Amino acid sequence: MAASVPKLLVVGGNGFLGSAICKAAVTKGWEVSSMSSSGKPYTTPAGHSPAWSSKVQWAQADAFDPSTYEHLIKDRTSVVHTLGILLEDTGYKASIRQGDLLGLAGSLIKSTNLGGGDGNPLKSEGDKKRGYEGMNRDSAIKVLDTFLSTSISSSSTPSSIAKQFIYISAADAFRPLIPSRYIETKREAELEIARRCQVYNHPEQEHGQNENEIVKPIFIRPGLMYHPHIRPLTTLPAFLIDLSSKLSLRSGIPNPFASKSPLHGALESMRTFPLHVDHVANSVLRCIEESRALGQEQEEGEGWGGARVVEVQQMREWAGLGRK
């Protein structure tokens, strides 16, 4: 008997990557829901509603308040967490949408050591919730906990088909331009997601509750994501980084600097290929499809907690852009 259609919840589905995932999923005939703080359907930069958006269930919810989305997540087979911030001065998002280079530069300064924004130990709890700790780490963990707790009582998924929790992480690039806490909180989230899935999937080892189904954690690590029409400001940086990445690939010279040093980060920034946002979205869906096809069996290359990590090179190969 054919497997049921995937039921997908995209956390932040009206955002840049989230909307691309929703679009790709409804094109495949999947059942798609989106939750966001506004609950508004996705619209283009010109304010138009694309045809595919009518096939998505748009809902308003707070990732930190499970009561606002328990009814959305309880029957989902896959959850994608796309929330996150690149800079703690969140005005950068409007600057990118509007093509405001000066505004983006100002946000960079405010968010780095030059502006006193990196590694401030005196952040209030509200600041942490809106900052790297909350948006990049804690919101994902809260959504995962809700997904796991509702999966325990759900009987809509056959036990032979695994569920998936996909976390949009990031390649370790763009330091020191981007504060180190950006990538640190991403990695902290990965570790905690993997740990909690390990506990859930193996109750005989760590007193978990569900013996019949598993939730597979998947970490997607893109670098710069671009789209020439939706985010025109990303086009030129993507072109330049793509060029420098190709030159680096041809040279074959490894990064000679210590992994945590600013020079290492700066060099990686110029050798981490950019990805079209649609290629990243398609990679997310491919991971879900492969996980469902394999069921509860172990995937080759899985890490601790059964986590699958998808790097830029893999996504490029899937998009037909890999090494010749």
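Is Glu-290 buried, exposed or partly exposed? At 27% relative accessibility, Glu-290 is partly exposed, a class that sits between buried (under 20% relative accessible area) and exposed (over 50%), with a 1.4 Å probe and protein chains only.

This is a predicted model, where local features need pLDDT of at least 70, side-chain atom pairs count only at pLDDT 80 or more, and totals for chains, interfaces and linings use all residues. Residues are numbered from 1 along each chain as its sequence is written, and side-chain values use heavy atoms, leaving out hydrogens and water.

**View 1. Arg-286 and Glu-290 pair up in helix H11.** Their salt bridge has its closest N and O atoms 2.9 Å apart; the term asks for a side-chain nitrogen of Lys or Arg within 4 Å of a carboxyl oxygen of Asp or Glu. The two are about one helical turn from each other because they lie 4 residues apart in H11 (residues 277-294). Helices here are DSSP runs (H or I, at least four residues), numbered from the N terminus. Arg-286 is partly exposed at 33%.

**View 2. Glu-133 reaches Arg-181 across distant parts of the chain.** Glu-133 sits in helix H6 and Arg-181 in helix H7 (residues 180-201), 48 residues apart. The closest N and O atoms of this salt bridge are 3.5 Å apart. Glu-133 is buried at 10%, and Arg-181 is buried at 16%. Both belong to a salt-bridge network that also takes in Arg-137, Asp-138, Glu-184 and Glu-188. The whole structure has 18 salt bridges.

View 3. Thr-150 is buried, with a relative accessible area of 11%. Its side chain reaches the backbone oxygen of Phe-147 at 3.1 Å. Setting aside neighbours within four places in sequence, Thr-150 is in contact (heavy atoms within 4.5 Å) with Glu-70, Ile-73 and Lys-74.

**View 4. Here is the second largest pocket, with about 520 Å³ of space.** A pocket is an open set of points on a 1 Å grid over the protein atoms alone, where a 1.4 Å probe fits, with protein on both sides within 12 Å along at least five of seven lines; lining residues have an atom within 4 Å of a point. Among the 22 lining residues, Arg-271, Thr-272, Phe-273, Val-312 and Gln-313 are the closest to the centre. Helix H12 gives the most to the lining, with 5 residues. Arg-271 also forms a salt bridge with Glu-268 (3.4 Å, N to O). Glu-268 is buried at 18%, while Arg-271 is partly exposed at 24%.

Definitions and conventions
Points joined across faces, edges and corners; volume = space filled by probe spheres on them. Polar contact = N/O pair within 3.5 Å; in protein donor to acceptor, adjacent residues only side chain to side chain.
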